[in-house]
Amino acid sequence: GSMAAVLGLDYAAVETLCAAAREGDEVLVPANDNAPGQVVVSGSAEAVRRAVMIAREHGARKAVELNVSGAFHSPLMESAARALADELDGLEVTTARIPVVSNFDAEPVRDPTGIRARLLAQLTAPVRWVACVETLRGMGAREFLEPGPGAVLTRLLKRIDRGLEGRAVGEPADVEEVPAT
């Protein structure tokens, strides 16, 4: 499988694009609702290529195939979800002290059963980043830290709501610079 970023269309328009690009039993679905006007599609390699080719005809400003190793956040990840389920069965998951907002349903969860279920669901379901940010904003969050390499989510945050503050913390020194609150 493969993935492509589609720029300039909303989620519903990308769903229509996916339906137009699929042939036969191919899989092609919106996989990441990253920001207004930026949705990533995921699915069968040929369907993704076809979507990139016809995206402008559907009103997209641009569509670019991504350099990825799979069709993440799509039904094509079902075998990975089964393998992850087996691994999660062997791990202790405790009640979260701080609610975890899942990218599967953009809802806060604390209980171990809910956390496990959402970890599995995120492999085959779209990432609802816009809805996650909106949920967190509704819970009172105004400052966001992005752990790990890069600052993709920090940049997307500004496209969702310019009033929110984001900061990438990819190195230990970056974490040390974050003020304690």
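Biologist: How do the axes of helix α5 and helix α6 cross in this model?

Modeller: Keep in mind that this is a predicted model. The axes of α5 (residues 129–138) and α6 (residues 152–160) come within 10 Å and cross at roughly 70°.

Biologist: What makes α5 roughly perpendicular to α6?

Modeller: Angles from 65 to 115 degrees count as roughly perpendicular. The crossing here is at roughly 70°, so α5 is roughly perpendicular to α6.

Biologist: Which residues in α5 and α6 meet?

Modeller: On the α5 side you have Trp129, Val130 and Val133, and they meet Leu153, Leu156, Leu157 and Ile160 in α6. By class, that contact of α5 with α6 has seven nonpolar residues, no polar ones and no charged ones.

Biologist: On to the next pair. Why are α3 and α4 called roughly antiparallel?

Modeller: The label needs an angle over 145 degrees. Helix α3 (residues 78–89) and helix α4 (residues 112–124) pack at about 160°, their axes 8 Å apart. Therefore α3 and α4 are roughly antiparallel to each other.

Biologist: Is the crossing of α3 and α4 left-handed or right-handed, and which residues make the contact?

Modeller: α3 passes α4 in a right-handed crossing. α3 brings Glu78, Ala80, Ala81, Leu84, Ala85, Leu88 and Asp89 to the contact, while α4 brings Arg116, Leu119, Leu120, Leu123 and Thr124. Sorted by class, the contact of α3 with α4 has eight nonpolar residues, one polar and three charged.

Biologist: What makes up the largest nonpolar core?

Modeller: That core has 17 residues, and those with the most contacts inside it are Val6, Leu9, Val14, Leu17, Leu28 and Val41. The elements giving two or more residues to this core are β1 (2–7), α1 (11–21), β3 (38–43) and α2 (45–54).

Biologist: What does Val6 touch, leaving out residues up to four places away in sequence?

Modeller: With those left out, Val6 touches Val14, Leu17, Gly37, Gln38, Val39, Val41, Ala60, Lys62 and Ala63.

Biologist: Which residues does the second core include?

Modeller: The second core is separate and has 14 residues, including Val101, Trp129, Val130 and Val133.

Biologist: Last one. Why is Thr154 called buried?

Modeller: Buried means under 20% relative accessible area. Thr154 has 16%, so Thr154 is buried. Thr154 lies in helix α6, and, not counting residues up to four places away in sequence, Thr154 touches Glu146, Gly166, Arg167 and Ala168.

Terms used. Residues are numbered from 1 along each chain as its sequence is written. This is a predicted model: local features need pLDDT of at least 70, side-chain atom pairs count only at pLDDT 80 or more; totals for chains, interfaces and linings use all residues. Side-chain values use heavy atoms; hydrogens and water are left out. Axes are lines fitted to C-alpha atoms, for helices over the stretch in contact, and angles run from 0 to 180 degrees between N-to-C directions. Helices (H or I, at least four residues) and strands (E, at least two) are DSSP runs, numbered from the N terminus. Angles under 35 degrees count as roughly parallel, over 145 as roughly antiparallel, 65 to 115 as roughly perpendicular and the rest as oblique. Contact means heavy atoms within 4.5 Å. Ala, Val, Leu, Ile, Met, Phe, Trp, Tyr, Cys and Pro count as nonpolar, Asp, Glu, Lys and Arg as charged, and the others, Gly among them, as polar. A crossing is left-handed if the near helix is turned anticlockwise from the far one by less than a right angle, and right-handed if clockwise. A nonpolar core is a set of buried Ala, Val, Leu, Ile, Met, Phe, Trp, Tyr and Cys residues joined through side-chain atoms within 4.5 Å. Buried means under 20% relative accessible area, exposed over 50%, partly exposed in between (1.4 Å probe, protein chains only).
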